[in-house]
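Each term below is set against the cut-off behind it, so that a label can be traced to a value. Please look through the structure first.

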Amino acid sequence: MRGAIREKIIQEVPEVQGRVYEIQVPNKDTPKPYIILKQGTDTPAEDWLGYKRMIDVIIYHRRSTFKDLDALAKKVMGALDKQLIVDGGTQEAFTCFFEKSSTDYIDDDWNALTRTLTFSVLGLRPYIIEEYIESDEAVQALASYTREMLPGLTVYEGVFPAGYLLPCVLWRLEATTSEKITHIHNKIEKVLRGHVIGRTVGEQEEIVQKVTQSLKRIVKLQYLNRFYTIEDVDYIATRDRFTEGQIQVKLFYLDKVSQDFPKIAKVSLKGGILGEQR
C-alpha cells in the first residue's frame with residue numbers, strides 16, 4: 001500500500017522530484033523538499049468496514065517560508081484525499097481520507113520546515129470477510145431502488161469493498177424483529193442503515209437529500225414478489241458516515257404463517273375408530 005501511495009505522490013507532486021521515502025532512508029543532507037511515509041497499525045473497525053489503517057505523510061521543506069510549505073501540503077492533499085489509488089503490483093485498490101494536520105515544526109538540526117498530514121485508509125479487510133455478511137432481501141430491495149433512482153451512484157450491499165468508488169452509498173441491515181399480528185400473518189420489521197460518501201461535503205449532502213426525500217415520498221417498495229412498507233426515514237447529519245451511517249430506514253412486510261399442519265390419522269368416538277387417513 002505504501003508503494004502505491006508513494007507512486008501517486010510522485011505522479012501528482014513533481015516538486016519532490018521522486019523523493020518519497022520510508023522513515024529510515026533520509027538524513028540531514030537529503031535534498032529538499034522530500035516526503036516520508038510512515039504507516040501505523042491496523043485497528044479493527046465494524047464488520048462493514050473491516051480495518052482502519054493510518055498513514056502519516058511527513059513533509060520536509062527547506063527553511064524558507066511557511067507559504068512554500070502550505071503550497072506543498074495542499075498538493076499532497078489534492079493527490080491523496082478521497083482519491084482511488086490502485087497498487088499496480090497487487091491490484092489492491094483503496095481510498096485515502098484526510099484526517100488531520102500537525103502543527104508546523106522547525107527542525108534546526110536538519111534545517112527544515114516540517115508538517116505531518118495524517119490520512120486514514122478504510123475498507124481494508126481479509127478477503128474472506130464477505131463470507132460472514134449474510135445477504136438480506138430488504139437490503140437488496142433498497143439497493144436496487146437506489147440504483148434506479150440515482151444511476152450515477154455506486155451502491156454497495158452489506159460491506160464496503162477494499163476499492164470502493166466515490167460517490168457511493170452502502171446499505172446494510174441493522175436489526176430485524178418479528179411480531180405475530182393475526183393467526184395467519186407475522187409482521188417482519190427491518191431497520192437498515194445507509195452510509196453516504198461523497199467526493200465533497202456538498203455532493204454528499206445532495207445525495208443524502210435525494211435519497212431520503214425519495215424514500216419519504218413512496219409508500220411501498222416492491223422487490224421480487226414482496227412489498228415493503230416504509231415506516232420511517234431518518235437522517236442525522238452528525239452520524240459518522242463510516243461507523244454509523246447517516247440514514248436510517250424502518251420498513252416492514254407481512255409474512256404468511258405456514259398452514260401446513262399434520263393431518264389427523266384417526267378419529268375415535270366412544271372408544272371406536274371412525275376413520276383412518278390413508
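Q: What makes the contact between D136 and K190 a salt bridge?
A: A salt bridge requires a side-chain nitrogen of Lys or Arg within 4 Å of a carboxyl oxygen of Asp or Glu. In this predicted model, the closest N and O atoms of D136 and K190 are 2.9 Å apart, which is within 4 Å and therefore meets the criterion. D136 lies in the loop between β7 and α3 while K190 lies in strand β10, so the pair ties together parts that are 54 residues apart in sequence.

Q: Are D136 and K190 classed as buried or exposed?
A: Both D136 and K190 are buried, which means that each has a relative accessible area under 20%.

Q: How do you know that R226 and E137 form a salt bridge?
A: The side chains of R226 and E137 meet at 3.5 Å, N to O, and this is a salt bridge because the cut-off is 4 Å. R226 belongs to strand β12 and E137 to helix α3, so this pair ties together parts that are 89 residues apart in sequence. With 25% relative accessibility R226 counts as partly exposed, and E137, at 27%, is partly exposed as well.

Q: How do you know that the buried residues of α4 lie on the same side of the helix?
A: The buried residues of α4 are E203, Q204, I207, V208, V211, T212, S214 and L215. They cover an arc of only 165° around the axis, which puts them on the same side of α4. The face turned away from that buried side carries the exposed residues V201, K216 and R217. Among the elements that cover the buried residues of α4 are α3 (137-149), β9 (168-180) and β10 (185-197), together with β12 (226-235) and β13 (247-256).

Q: What makes the span of α4 close to the expected one?
A: Helix α4 has 17 residues and reaches 24 Å from its first C-alpha to its last. The expected span is 1.5 Å times one less than the number of residues, and for α4 this comes to 24 Å, to which the computed reach is close.

Q: Why are the buried residues of α1 said to line one face?
A: In α1, the residues A4, I5, K8 and I9 are buried. Seen down the axis of α1, they fall within an arc of 135°, so they line one face of the helix.

Q: What makes the backbone at P33, P167, Q17 and L224 worth a note?
A: Most residues other than glycine have a negative phi, and most peptide bonds are trans. A cis peptide bond joins K32 and P33, with omega about 5°, and another cis bond joins L166 and P167, with omega about -5°. P33 lies in the loop between β1 (20-22) and β2 (34-44), whereas P167 lies in the loop between β8 and β9. Q17 has a positive phi of about 50° although it is not a glycine, and phi of L224, also a residue other than glycine, is positive near 55°. The loop between α1 (2-12) and β1 holds Q17, and the loop between β11 (220-223) and β12 holds L224. Q17 counts as exposed at 61% relative accessibility, and L224 counts as exposed at 54%.

Q: Why is L165 called partly exposed?
A: L165 has 38% relative accessibility, which falls between the limits of 20% and 50% and therefore counts as partly exposed.

How values were computed:
Residues numbered from 1 in each chain as written. Predicted model: local features only at pLDDT ≥ 70, side-chain atom pairs only at ≥ 80, totals over all residues. Heavy atoms only, no water. Helix = DSSP H or I, 4+ residues; strand = E, 2+ residues; numbered from the N terminus. Buried < 20%, exposed > 50% of the residue type's maximum accessible area, 1.4 Å probe, protein only. Arc of directions from axis to C-beta. Contact = heavy atoms within 4.5 Å.
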